[in-house]
Every structure is written in structure tokens, then in C-alpha cells.
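The following explanation leads the reader through a single protein chain, from its overall plan to a few individual residues. Please keep the sequence and the model in view while reading.

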Amino acid sequence: MSIEIANESGVDVDTDAILDVARHALDEMGVNPLAELSILLVDIEYMSELNHRWMGGDGPTDVLAFPMDEGSVDHGPGESSGSEPALLGDIVLCPEVAAKQAVTAGHAAADEMHLLTVHGALHLLGYDHAEPEEEREMFGLQARLLSGWQAHRRSAKEPS
């Protein structure tokens, strides 16, 4: 899976962990291994501009997802993947907003960034949370993917 990440936020972020959690989520969701994803970390000013331009919102938001090629996403073995790589799209994260949300949620800013990365990946795969039933499904899946990744990281760090 090809995942490009660019940190233009001016904030020091563990981009390796963000890449790892994104790869884990997409692998667990059965996304075509040839898929391509872009992750961009931006500052508050640029996130505010994107939120206004694309979502009609005021001020910055934590994560935006811009799907590119929804028809080519391989959601599992029931679908043929073809030989063309799927262009999943872009996830845009704002570490400064994530840090503020982390304080409110009572966890580390890095944990919030990981959660938002999974959240953005699910949006690229067509999940949404506009309706209560959709929200339950998406947030339940998000929690499962995140806890699976965290457990995998813990076991990888334990001495053998």
C-alpha cells in the first residue's frame, strides 16, 4: 500500500505512527494492497480555509477526507480488485485542533491524531456519521480498528 505523508503544520508529529495506523486500518478493511493514500498535516489557518471552501464551515476542523476513486476500492475478497491501484484520496489533519481535542478527551495528542487518521480513512471508504445508525456503525468500527492497532503496537514492543 502506498501512503504518502507531508507535514506542513509546523508541529512535530510522529508521522511513522500515523502511517502505521492508516496502513493497519486499510489492511483490516480489506483495501486493495495497491491502493494509494495521501495524508497532509496542516496548520489552523490552512485547515480553516479548506473547511470553509469544501464544507462551508467556519474555523478549523480536525480532519477532512477527500475521496478520489470510490469505485475502485476493494472492500474484501468478494470483489475483484483488478490490476489498477485504487486512488483512495486525501486525509487532511490539523495537529493543533487535535491537541485541543485531546485535552478535552483526556488523552494524548498523538492518540487523537491516530483516532482522526482512522476516522479519515473510514470516510474515504464511504463511511459517514450523519445519521445515528451510521454513527454507531462508523464509530464502533473506528474504535475496533484503533484498539486492534494499539494492541498490535503493544505486543510488538514487548520483549520476546
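This is a predicted model: local features need pLDDT of at least 70, side-chain atom pairs count only at pLDDT 80 or more; totals for chains, interfaces and linings use all residues.

**A guided reading of the chain**

In strand E4, Gly 89 is the bridge partner of Leu 37. Residues are numbered from 1 along each chain as its sequence is written, and side-chain values use heavy atoms, with hydrogens and water left out.

The chain contains five helices and four strands. Read from the N terminus, its elements follow the pattern β-α-β-α-β-β-α-α-α. Of its 160 residues, 38% are buried, where buried means under 20% relative accessible area, exposed over 50%, and partly exposed in between (1.4 Å probe, protein chains only).

The strands come next. Strands of a sheet pair through backbone hydrogen bonds, either parallel or antiparallel. Here two strands are said to pair if DSSP finds at least two bridges between them. Strand E2 (residues 36–41) runs parallel to E4, with six bridges between the two. Strand E3 (residues 63–67) pairs with E4 in the antiparallel sense over five bridges, and Leu 64 stands opposite Val 92 of E4. E4 itself, spanning residues 87–93, is mostly covered, with five of its seven residues buried.

Taken together, the four strands form an open sheet of mixed pairing, in the order E1-E2-E4-E3. Strand E1 (2–7) and E3 stand at the edges with a single partner strand each, so one side of each has no neighbour in the sheet. On average, neighbouring strands of this sheet are turned by 15° against each other, direction ignored. Helix H2 (residues 44–55) packs on the sheet and touches E2, E3 and E4, and its direction makes about 50° with that of E3. Such angles run from 0 to 180 degrees between N-to-C directions, the axes being lines fitted to C-alpha atoms, for helices over the stretch in contact; contact means heavy atoms within 4.5 Å.

Where does the largest pocket draw its lining from? H2, E3 and helix H4 (109–124) each supply at least two residues, and E3 gives the most, with four. The lining includes Asn 51, Leu 64, Phe 66, Leu 116 and His 119. On a 1 Å grid over the protein atoms alone, a pocket is an open set of points where a 1.4 Å probe fits, with protein on both sides within 12 Å along at least five of seven lines, whereas a cavity is a set from which the probe cannot get out; lining residues have an atom within 4 Å of a point.

Is Gln 142 buried or exposed? Its relative accessible area is 6%, and therefore Gln 142 is buried. Not counting residues up to four places away in sequence, Gln 142 touches Leu 115, Val 118, His 119 and Leu 122. Gln 142 and Val 118 are 24 residues apart in sequence, yet their C-alpha atoms are 6.3 Å apart in space.
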